[in-house]
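Biologist: I'm new to this one and would like a close look at a single part of it. Could you walk me through how the helices there sit against each other?

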Amino acid sequence: MDATALTAWLREFARLVAENKDELTALDSAIGDGDHGVNMDRGLTAVVAALDAEPPETPSALFKKVGMTLISKVGGASGPLYGTAFLRMSAAADAELDGPGFAKVLRAGLDGVVARGKAAPGDKTMIDALAPAVDALDAAFASGAGLADAFSAASEAAARGREATVPLVARKGRASYLGERSAGHPDPGATSVTLLMRAAASTLGA
Ligand code: ADP
Ligand code: MG
Ligand code: MG
């Protein structure tokens with residue numbers, strides 16, 4: 001995986017977020033302030049424009065550009081959290097990534113989200129989709145799986161993690177203000193992470 005392949009992943013993520021913007025916003029209207037779709041779409045539209053203007057030549061430069069753009073263009077919780085993930089990924093990325101190398105980079109991103117947001121698994125946040133996805137990637141590569149099987153497993157793990165947020169009571173972010181009333185709805189950030197991993201499966205895993 002070089003900068004070109006990884007750029008295709010992030011462009012596909014931007015496309016899926018645009019396509020699902022209204023759904024993400026509806027989910028955030030149920031337990032937050034109804035802007036997650038708008039926030040992510042604004043940020044990723046800016047990311048695509050930045051990549052068009054000057055295509056990064058290395059994975060590290062790519063992730064840095066994505067992280068800086070998300071931090072500067074996306075307000076709220078998700079901008080700094082996704083932005084931190086990509087900046088940590090930038091710091092962890094070698095010039096070319098094989099499958100296990102990518103898994104290591106994505107785990108660095110997850111660690112960044114945890115460090116920044118102080119949420120734990122089960123708090124009903126994006127971590128509940130991202131952590132299982134990273135674990136699934138590690139498990140797949142440890143058992144000798146190829147990219148297609150590994151990314152498909154990671155995408156499914158993210159989707160299952162997102163479904164598992166439905167009954168949870170939120171303990172971080174705006175949804176936590178609702179207390180018990182946050183139960184019964186999927187977490188918006190876990191839903192956008194599901195799109196990130198679906199995009200990985202259809203580009204990096206293809
Ligand atoms: P805001 O809540 O500021 O309006 P968004 O609506 O864009 O920001 O993003 C909300 C999402 O951010 C939540 O659904 C959740 O997944 C994620 N989130 C919020 N706080 C945290 C946190 N402390 N750690 C991890 N993720 C968080
Ligand atoms: Mg919101
Ligand atoms: Mg907001």
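Biologist: To start with, at what angle do helix 1 and helix 4 pack, and how far apart are their axes?

Modeller: Keep in mind that this is a predicted model. Helix 1, residues 3-19, packs against helix 4 at an angle of about 25°, and the two axes are 9 Å apart. Angles under 35 degrees count as roughly parallel, so helix 1 and helix 4 are roughly parallel to each other. Their crossing is right-handed. If you want to find the contact on screen, look for A3, L6, T7 and L10 on helix 1, and for P59, L62 and V66 on helix 4. Sorted by class, that contact has 6 nonpolar residues, 1 polar one and no charged ones.

Now stay with helix 4, which covers residues 59-73, and turn to its packing with helix 5. Here the angle is about 165° and the axes are 7 Å apart. Angles over 145 degrees count as roughly antiparallel, and therefore helix 4 and helix 5 are roughly antiparallel to each other. This crossing is left-handed. Helix 4 brings S60, F63, K64, V66, G67, L70 and I71 to the contact. From helix 5 come G79, P80, Y82, G83, F86, L87, M89 and S90. By class, the contact of helix 4 with helix 5 has 9 nonpolar, 5 polar and 1 charged residues.

Helix 5 then takes us on to ligand 1. There are 24 residues around ligand 1, and the closest are G76, S78, G117, G173 and G189. Helix 5, residues 78-92, is one of the elements that give two or more residues to this shell, along with helix 3 (36-53), helix 6 (99-117) and helix 9 (188-203). Helix 9 gives the most, with 3 residues. As for the make-up of the shell, 8 of its residues are nonpolar, 9 polar and 7 charged.

To step back for a moment, UniProt has an unreviewed entry that lists residues 4-202 as "domain: DhaL". In the model, that span is 72% helix and 0% strand, and its end C-alpha atoms lie 15 Å apart. So much for the tour: from helix 4, roughly parallel to helix 1 and roughly antiparallel to helix 5, to the shell around ligand 1, where helix 5 is among the contributors.

Terms used: Residues are numbered from 1 along each chain as its sequence is written. Chains are lettered from A and ligands numbered from 1 in the order in which they are written. This is a predicted model: local features need pLDDT of at least 70, side-chain atom pairs count only at pLDDT 80 or more; totals for chains, interfaces and linings use all residues. A residue is near a molecule or strand if its C-beta atom, placed from the backbone, lies within 6 Å of it. Helices (H or I, at least four residues) and strands (E, at least two) are DSSP runs, numbered from the N terminus. Ala, Val, Leu, Ile, Met, Phe, Trp, Tyr, Cys and Pro count as nonpolar, Asp, Glu, Lys and Arg as charged, and the others, Gly among them, as polar. Axes are lines fitted to C-alpha atoms, for helices over the stretch in contact, and angles run from 0 to 180 degrees between N-to-C directions. Angles under 35 degrees count as roughly parallel, over 145 as roughly antiparallel, 65 to 115 as roughly perpendicular and the rest as oblique. A crossing is left-handed if the near helix is turned anticlockwise from the far one by less than a right angle, and right-handed if clockwise. Two residues are in contact if their C-beta atoms, placed from the backbone, lie within 7 Å. UniProt positions are given in the numbering used here, feature names are shortened, and annotations may be inferred rather than shown by experiment.
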